[in-house]
Amino acid sequence: RVAHSIEYGGITLPALVHSEDSVRYAHRSFQVQDSDVFNITYPKSGTTWMKEILTLIHSNGDPTLSRSLPCWERVPWIEQVTAVKYLENQTCPRLITSHLPAEIFPESFFTSQAKAIYTVRDPKDVCVSLFYYTKMASFLEHEEDFGEFIRKFVSGEVLFGSWFDHVKSWLAYKDQANFLLLTYDELLKDLRGSVLRICQFLGKDLDVPAVDSVVENASFEAMKGNKMVNYSLVPEDIMNQKISPFLRKGISGDWKNHFTSEQSAAFHHLYQEKMKDVSERKTLGA
Ligand code: PPS
C-alpha cells in the first residue's frame with residue numbers, strides 16, 4: 001500500500017487531501033471572520049462527533065442538513081485542498097474543522113473574535129483509535145505491532161505530529177473567552193450537558209425539543225446510521241470499513257483492552273513527564 005504524505009511546519013499530513021500549498025494557505029492567507037466557529041482536534045479525538053453537534057446546533061436541532069450533506073462539506077477542514085470550495089457555500093456562521101496545532105493555525109484567528117472549541121481525548125484511547133484507523137485507511141501507513149505503534153505515537157511519528165505538542169499548543173489559549181475546552185469523555189458522560197455548554201458558548205438559545213434532537217441525532221447509533229457522517233460515502237479502496245468501521249466503538253477506556261500493564265505504566269510515566277506543567281493533566285487522560 002502507498003502512504004504518501006506531505007510535511008509542513010514540522011508535522012506530517014496525508015497527501016490524499018493535503019498539499020503544502022493548502023496548508024500554507026490555511027496558515028498564512030485564510031481570512032478568519034469574527035463569526036467563524038472552529039472545531040479543533042488532534043485526530044481521533046471526537047472531530048466527527050463535534051462536526052455533527054455543531055451542524056445540529058446551527059440548524060436548531062433540525063437534522064435535514066446533517067442527513068443531506070457529507071460532514072466534510074458542512075464543517076470542512078481548513079487545511080485540506082477542498083477547503084476553499086466547501087467554504088464558498090457556507091452560510092454565516094461558518095463551521096470549520098482543523099487538526100492543525102496552534103503554531104500553524106490560521107494567523108488571522110489570533111486577532112479575531114472567532115470562537116474555537118478544542119476537544120481532547122485520553123491519548124491512550126486516541127492511540128488505539130488511530131491504530132485501527134491506519135489499518136482501514138489505505139492512505140496511511142499501518143504498523144502491525146501495537147507496541148511499535150505506541151512508540152511511533154508517543155514520539156509523534158504519526159499524522160499531525162505529537163499528541164503532547166498539539167494539546168499543549170492549544171491549552172495555552174484555554175482561558176480566552178473565545179475558546180472552549182471540552183473532553184471526549186465529558187461528551188460521552190453527559191452529551192446533553194455538553195450540548196448546553198456549547199450552545200451557551202456560541203450564544204445559541206435552543207428550546208428543549210431542539211436540544212433533545214441534537215442529543216438524539218449526535219448519538220453514536222444515530223451517527224452510525226447516517227451515511228453523511230459514517231464515512232460510507234468514501235470508496236472502499238480508500239477506507240475499508242470491513243477491516244474496521246470509521247465509527248468503531250465510540251467508548252472511553254478501550255485502551256485497557258489493548259495496552260499491556262507494562263505499556264500502560266510506561267505511557268503513564270511518559271505522560272506525567274511530558275505534561276508536568278499542565279494543570280489539567282489529570283482530567284485529560286492517562
Ligand atoms: S478523525 O479521522 O480525526 O476525523 O476521527 P475523529 O472523528 O476525531 O475520531 C473518531 C473517533 O470518535 C468516535 N466517535 C464517537 N464516539 C462516541 N459517540 C459519538 N457520537 C461518536 N462519533 C465518533 C469514533 O467512534 C472514533 O473512536 P473509536 O474509539 O475508534 O471508536
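**The ligand shell and the overall fold**

Helix 2 gives the largest share of the shell around the ligand, three residues (near means a C-beta atom, placed from the backbone, within 6 Å of the molecule; helices are DSSP runs of H or I with at least four residues, strands are E runs of at least two, numbered from the N terminus). This is a predicted model, with pLDDT of at least 70 needed for local features and 80 or more for side-chain atom pairs, while totals for chains, interfaces and linings use all residues. Residues are numbered from 1 along each chain as its sequence is written.

Around the ligand sit 20 residues, of which Thr-47, Thr-48, Ser-129, Arg-248 and Gly-250 come nearest. Two or more residues each come from helix 2 (47–58), helix 6 (123–136) and helix 12 (220–224).

Zooming out, the chain has 14 helices and six strands. The C-alpha atoms fill a box of roughly 50 × 40 × 40 Å along the principal axes.

As for Thr-12, this residue lies in strand 2 (residues 11–14). The C-alpha atoms of Thr-12 and Gly-156 are 9.3 Å apart, although 144 residues separate them along the chain.
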